[in-house]
Amino acid sequence: MGEWLEDYYQLNVKPAFRDAMRNFRANICIFVVVYILEVLLGTIFIASNTNDAIYDEKVKAEYDYHLVFRGLSENSKMLLVNSTRAYKFGSIGEFRVTDVEESEMDGNAVYDVYVKLIPNNKEYRDNLTIVYYNFLLNYRQMLLQSNPGSTMETSPLYYADAKYMLSSFNYYVGERIAEIMGILRGFRFGSTAENIFGVKVDVIRKPFLLIETGQSLNRGGLLYTGCTIFALVCSAFVLYNLFTIRTNEHKHTYGIYVTFGADRKKLLALSRLEMSAVGVLTLIPAYLTAIALSLVIFLPNGFAIKPSLGSFIWMALITLALIWIVLSFVLSVTARKFPSELLSSADNANYVSSPRRSSSIGSTKLTMRYSLLHFFRFRRYFLKLAAATVTFAVLFVGTMYMGDVYGKLSELPEEQFTMNFAMSADSDMYSYHIKPELASIEGITRVEAAMGMSASMLSSHVLFNPEDVAVRTVFAENGDGMLGTPMINYAVLDANAMDLVAESSYNGELKSGEDTVIFSAPSNMSDQLKLEPGDSLQIATLIEASAGYGDSDNAVRQLELQMDFNQYEYKSYTVAAVAESEDIGDSFTLYIPEADYINLTKTAMASMFRSHIIYSQVMGLDKLDNYSSVLDDMSLLTLNTMNAPLPYVVERDALMEADDEVQEYLCGTNRAIYVMVDEEVMAELAEKYHNADIDALNRGELVVSCDGYWELKLGDPLTFGKMIGIRSALSSGVNSVNEEIEAYMYKYTSYNVGAIIDNGMDGIYIYLPEEDYYDLLSMDPYYTEAKIYVEEDLTNRQIIEIQTALKSSLVAIGGGSLTNHNTAFFDYMEDANNIGVIILVGACFLLVLATPCLIYMQLMFYRKRRDEMLVFTVFGGSDKTLGGLHLRDGLVLALFTMLLTCGFGAIVTKLVHEAVVALTGRSFALEFPWMPYFIAMLIMAALALFSVLIPYLGLRREHAAMSRKASSDTNY
Amino acid sequence: MSILETINLIKQFKQYDTVVTAVNRVNLQVEPGEFIAIIGSSGSGKSTLLRIMAGLDRADSGSITILGEDLTKMKPDALNAFRGQHLGFVFQNHNLIPGLTALENILVPTIMCNKISIRYEEHMKKLIKALDIGDRLHHLPSELSGGQQQRVAIARALINRPQILFADEPTGNLDGATAGEVLDLLLSVKELIGQTLIVVTHDLTIADRADKVYQMHNGELYLYKDQSGYRKNSYEENLKRMSGQK
């Protein structure tokens with residue numbers, strides 16, 4: 001073994017280090033790149049380590065429980081409380097109840113019980129595991145089964161301590177293996193199995209990487225995992241390019257090695273060891289730099305960093321692994337070539353596309369002068385160079401944009417809790433009961449609810465005077481020179497709205513009135529309008545929609561078509577106040593009088609009505625089935641610009657299932673056509689249907705026209721559902737009545753059938769008096785959720801107390817659900833990790849990486865052309881000529897990379913924008929990152945010129961020597 | 001038994017519409033210990049033939065058997081290893097590695113074949129003495145004269161004690177006096193080790209000293225001289241036949 005090691009050292013390691021040191025000048029760019037990559041990886045690992053340490057510290061300070069049982073009865077609570085005194089797991093440890101919170105559900109007291117697992121200090125890790133599993137075994141199943149509706153949750157402290165159960169890596173691997181073994185052995189999640197300690201436990205699914213929404217709060221861990229992956233991909237890309245160039249340069253040498261017996265393994269070993277030597281030599285300086293960078297990230301916010309041996313080892317291992325893997329790919333082709341091919345590679349053939357065609361573009365032959373156009377002649381090389389450079393520049397732009405967006409998003413105040421109401425609340429209910437109830441809880445700073453309707457959904461828009469519009473991005477001009485925009489959300493101007501606006505910055509007076517509105521712009525759109533208090537605007541209400549135009553995906557273009565083809569009625573308003581909200585968004589908000597809001601929304605397309613009719617008529621099952629299938633076959637359609645075309649279907653079991661023995665069903669439909677009857681229409685009906693009692697309308701009854709399948713009789717009741725709120729989202733378009741009843745909240749009104757006519761149309765037509773028509777089909781403003789903001793720097797205990805108080809309030813106002821977003825905790829961790837700085841550092845890394853790559857490629861390239869320069873000199877080329885050639889190269893390269901950066905930078909910015917919108921769920925306008933763009937292009941241009949200058953200056957020194965040599969050759 | 005045998009070797013180079021047959025059905029047998037010279041004008045294909053025989057390039061068809069092994073059937077790694085063990089090559093332009101000293105260049109084959117140089121110490125000393133490069137071992141190639149570089153290249157080719165040494169115009173870049181010295185050294189080392197030597201050259205003075213001389217013309221190989229002397233007539237006859245003369 002010793003001899004083998006000695007031989008290996010002599011044959012491989014020693015030559016590798018010797019070559020690495022000896023070729024230091026030639027490989028300096030590789031040294032720099034490997035150093036930068038090690039710094040990047042080292043920084044990520046140190047930062048990740050520090051983040052984990054901060055997280056663990058914070059969690060242990062904030063959370064004093066591992067598990068919490070919610071919704072337990074008094075008996076179950078007492079069982080747990082009393083058991084702690086009696087139940088110890090031998091000498092290993094015990095559990096303890098740390099807190100009990102009482103609340104009310106359905107008139108009964110229910111308890112949330114917080115439990116901490118306490119192993120003995122000796123052999124903490126193993127004992128914690130056993131305590132946990134024994135607790136689950138003895139209590140979990142029993143408590144959950146005997147308390148229907150109760151749940152058990154694990155706290156962040158559980159996940160922080162879970163690492164100790166088998167160490168985090170082993171824990172993860174062990175859990176995955178247990179999962180697979182469980183599946184292979186036939187255990188399903190929810191069944192019981194034996195764990196590795198021989199204890200029977202429930203087979204439960206563990207979250208991937210210990211991350212699950214609401215359970216582990218270590219978002220920083222995810223961030224660093226993402227950074228590591230990003231760093232690995234960048235590193236592999238950079239190293240691949242670098243090593244490819246290096247291999248090309250060494251092809252001749254490899255040819256000699258292969259001539260004298262080197263096989264593929266030998267070539268790989270020599271290259272890997274030489275590059276590994278580079279990696280090893282830069283390790284310590286890189287780690288020290290990484291420590292310095294980590295200080296920049298954490299120290300400003302007062303957190304100490306936690307470098308460790310582990311992070312150093314990981315940095316070293318991953319760098320070496322990357323080098324080895326990338327070299328395998330790079331050398332795989334080279335190592336298979338015959339020596340002749342490798343030996344004859346010492347020319348510039350790699351860089352030109354086709355020597356025979358270098359002096360022609362297409363079919364046009366160029367003169368020799370233009371053949372010297374290097375950029376075209378070596379186009380294959382320059383394209384590769386440009387691709388590598390532009391990639392980094394574009395990634396830099398994208399990263400800087402992401403940092404800018406993140407900075408803006410992180411400044412927005414985030415709610416600690418979201419409360420969803422079981423029943424939607426109208427304005428009075430919300431303003432005078434709900435909001436004061438919640439705001440009175442100690443620790444809560446603000447309660448905010450929002451509701452609104454977008455103009456585009458109503459086929460509406462707002463017109464502004466041209467002088468009030470500064471930027472026309474979201475505006476279209478109508479025929480009268482006014483500028484309209486569909487990017488408006490309408491909301492009711494009431495006390496709640498004024499409170500909301502008062503919290504942002506505004507000009508003017510917060511007041512309401514008949515023709516008064518308040519205008520609010522999100523912070524990213526505030527520069528698009530020059531609106532002042534006292535200015536006027538017009539709100540458009542759709543009168544008649546034309547079918548003469550198609551749809552456009554672009555909202556502004558769609559508005560142009562609408563303004564051209566539809567008919568609108570406009571009403572003027574005066575702007576009382578202009579506000580700028582802290583939010584980022586893609587629409588303005590216009591607070592309008594409540595009456596106008598209702599009036600505006602009544603013209604919504606029928607799909608927004610979500611109204612339906614339940615009729616108490618009883619049908620036998622056979623008849624109902626027959627009816628349904630007939631109607632399906634008929635697929636009736638009725639055109640009505642106000643009510644939208646819809647097929648006509650009957651559904652059974654709309655409200656409740658009838659008795660099976662009787663086989664009777666209640667039936668409903670949401671596809672009736674409502675017709676408003678004013679005096680004129682009533683007169684027409686009376687004249688046309690003189691045998692029908694049209695006057696029934698005046699008595700509060702209905703006139704109905706339906707086909708024979710309905711079997712309606714005079715006096716039959718029809719119950720109309722009017723939508724008053726939303727419980728859950730439904731897809732747009734036509735849904736079934738059952739789906740609507742489940743998703744929405746309704747107010748029901750019954751009418752009797754006063755007259756039945758036959759208007760000759762298929763389907764059911766309901767003729768309603770004007771007032772009832774508007775009442776049924778308008779959209780009252782409603783509130784379904786509230787966002788609750790709390791004071792800063794609250795402890796988790798205090799937040800739990802607020803949460804308990806909110807739950808009680810929720811019961812008092814009719815029920816619903818409460819979500820704790822753990823905002824305070826996340827804010828703390830975000831401050832600690834200084835994510836803005838991390839993104840900035842990452843962006844700078846990309847540019848810093850590009851520099852040595854670009855310079856290296858150019859150095860190698862110009863070295864190849866040394867002989868060419870000598871020939872030029874011998875045949876009369878002057879300093880000026882050669883300098884001109886190089887300068888031209890540099891300028892063309894700079895221009896080319898800048899143009900490519902422009903194009904691809906815009907694409908990447910758009911992609912980042914879409915990704916952030918999708919991930920965060922927040923909508924905001926795309927703001928082009930001009931500054932990072934400008935910086936990137938400036939740096940790329942400088943790099944391009946600089947990378948041409950360095951080799952040129954070197955060549956110029958040689959050129960002077962070449963000139964002397966040329967003249968001495970002449971003498972010779 | 002022949003140490004080297006080629007049967008119907010063909011090598012063509014294609015460049016767009018042009019096909020150049022560099023080696024055209026060459027059949028050659030070399031006995032152990034022979035000194036073979038291959039002469040011919042520039043572009044006749046002799047260097048190509050040499051590289052193919054040494055395993056540095058691949059023929060399009062035909063076979064090459066060296067020491068009983070068919071090179072055309074070997075996989076690349078096996079071929080490289082075989083070449084390192086049994087064959088040596090001297091290039092016309094030396095092809096020394098610029099960043100390594102003369103001694104390090106000489107030891108390159110030992111590293112490539114995973115052989116510790118120390119086990120070659122005696123042999124290396126003999127080579128160095130025979131080639132008279134002892135005082136230049138720690139110089140870089142750029143610090144050596146042309147002749148010294150070529151001697152280092154020869155030492156490199158011989159360090160692994162190959163059974164066959166191929167030399168592609170070993171004196172092509174040298175002046176007359178130096179060329180003669182290098183040739184003498186080559187032959188003395190050949191005598192020392194007892195290997196087979198195959199040299200490609202356009203220098204007839206080298207050919208004079210060979211056991212056999214072959215002439216390469218348009219890819220075809222003709223025996224020009226053997227132990228019984230030159231066979232010029234047969235060459236002229238071949239020329240006439242090809243030109244249609246009688």
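Is A:Lys435 buried or exposed? A:Lys435 is buried, with a relative accessible area of 17%. The views below are taken from a predicted model.

View 1. A:Lys435 counts as buried because its relative accessible area, 17%, falls under the 20% limit. Leaving aside residues up to four places away in sequence, A:Lys435 touches A:Tyr430, A:Val447, A:Asn496 and A:Asp499. As context for this view, chain A has 30 helices and 31 strands. Of its 972 residues, 49% count as buried. Among contacts in chain A between residues at least 6 apart in sequence, 80% join residues at least 24 apart.

**View 2. The interface of chain B and chain A.** On this interface, 32 residues of chain B are in contact with 27 residues of chain A. The area buried between the two chains is about 2,700 Å², and carbon and sulfur atoms give 61% of that area. The rule finds 2 salt bridges across the interface. One of them joins the side chains of A:Arg18 and B:Glu104, at 3.8 Å from N to O. Between chain B and chain A, 8 residue pairs are in polar contact, with both residues at pLDDT 80 or more. On the side of chain B that touches chain A, the elements giving two or more residues are helix 2 (76–86), helix 3 (102–112) and helix 5 (146–158) of chain B. By class, that side of chain B has 15 nonpolar, 8 polar and 9 charged residues.

**View 3. Packing of helix 2 of chain B.** Within helix 2 of chain B, the residues B:Leu79, B:Asn80, B:Phe82, B:Arg83 and B:Gly84 are buried. The partners of the buried residues of helix 2 lie in both chains. From chain A, they are helix 8 (251–259) and helix 12 (339–343). From chain B, they are strand 4, strand 5 and strand 6 (87–90).

**View 4. Strand 6 of chain B and its pairing with strand 7 of chain B.** B:Leu87 and B:Phe89 point one way from strand 6 of chain B, while B:Gly88 and B:Val90 point the other way. All of these residues are buried. Strand 6 runs parallel to strand 7 (residues 164–168) of chain B, and 4 bridges join the two. Within this pairing, B:Gly88 has B:Leu165 in strand 7 of chain B as its bridge partner.

**View 5. The open sheet of chain B in the order 2-1-4-5.** This sheet has 4 strands, and the pairing is antiparallel. Strand 2 and strand 5 (69–70) of chain B stand at the edges, each with a single partner strand, so one side of each is left without a neighbour in the sheet. Strand 4 (residues 61–66) and strand 5 of chain B are joined by 2 bridges. B:Ile66 has B:Glu69 in strand 5 of chain B as its bridge partner.

**View 6. Positive phi at B:Asn8 and B:Arg25.** Most residues other than glycine have a negative phi. B:Asn8, in strand 1 (residues 4–15) of chain B, has a positive phi near 50 degrees. B:Asn8 is partly exposed, with a relative accessible area of 35%. B:Arg25 belongs to strand 2 (residues 18–30) of chain B, and its phi is also positive, near 50 degrees. B:Arg25 is exposed, with a relative accessible area of 53%.

**View 7. Strand 9 of chain B between strand 3 and strand 10.** Strand 9 (residues 212–217) of chain B is mostly covered, with 5 of its 6 residues buried. Strand 3 (residues 35–39) of chain B runs parallel to strand 9 and is joined to it by 4 bridges. In this pairing, B:Ile36 stands opposite B:Lys212. Strand 10 (residues 220–226) of chain B pairs with strand 9 in the antiparallel sense, over 5 bridges. Here B:His217 stands opposite B:Glu220. The hairpin of strand 9 and strand 10 of chain B has 2 residues between the strands, and B:Asn218 in this hairpin takes a positive phi near 50 degrees.

Notes:
Residues are numbered from 1 along each chain as its sequence is written. Chains are lettered from A and ligands numbered from 1 in the order in which they are written. This is a predicted model: local features need pLDDT of at least 70, side-chain atom pairs count only at pLDDT 80 or more; totals for chains, interfaces and linings use all residues. Side-chain values use heavy atoms; hydrogens and water are left out. Buried means under 20% relative accessible area, exposed over 50%, partly exposed in between (1.4 Å probe, protein chains only). Two strands pair if DSSP finds at least two bridges between them. Contact means heavy atoms within 4.5 Å. Buried area is the accessible area (1.4 Å probe) that two parts lose on being put together, summed over both. A salt bridge is a side-chain nitrogen of Lys or Arg within 4 Å of a carboxyl oxygen of Asp or Glu. A polar contact is a pair of N or O atoms within 3.5 Å; within protein, one must be able to donate a hydrogen and the other to accept it, and residues adjacent in sequence count only if both atoms are side-chain atoms. Ala, Val, Leu, Ile, Met, Phe, Trp, Tyr, Cys and Pro count as nonpolar, Asp, Glu, Lys and Arg as charged, and the others, Gly among them, as polar.
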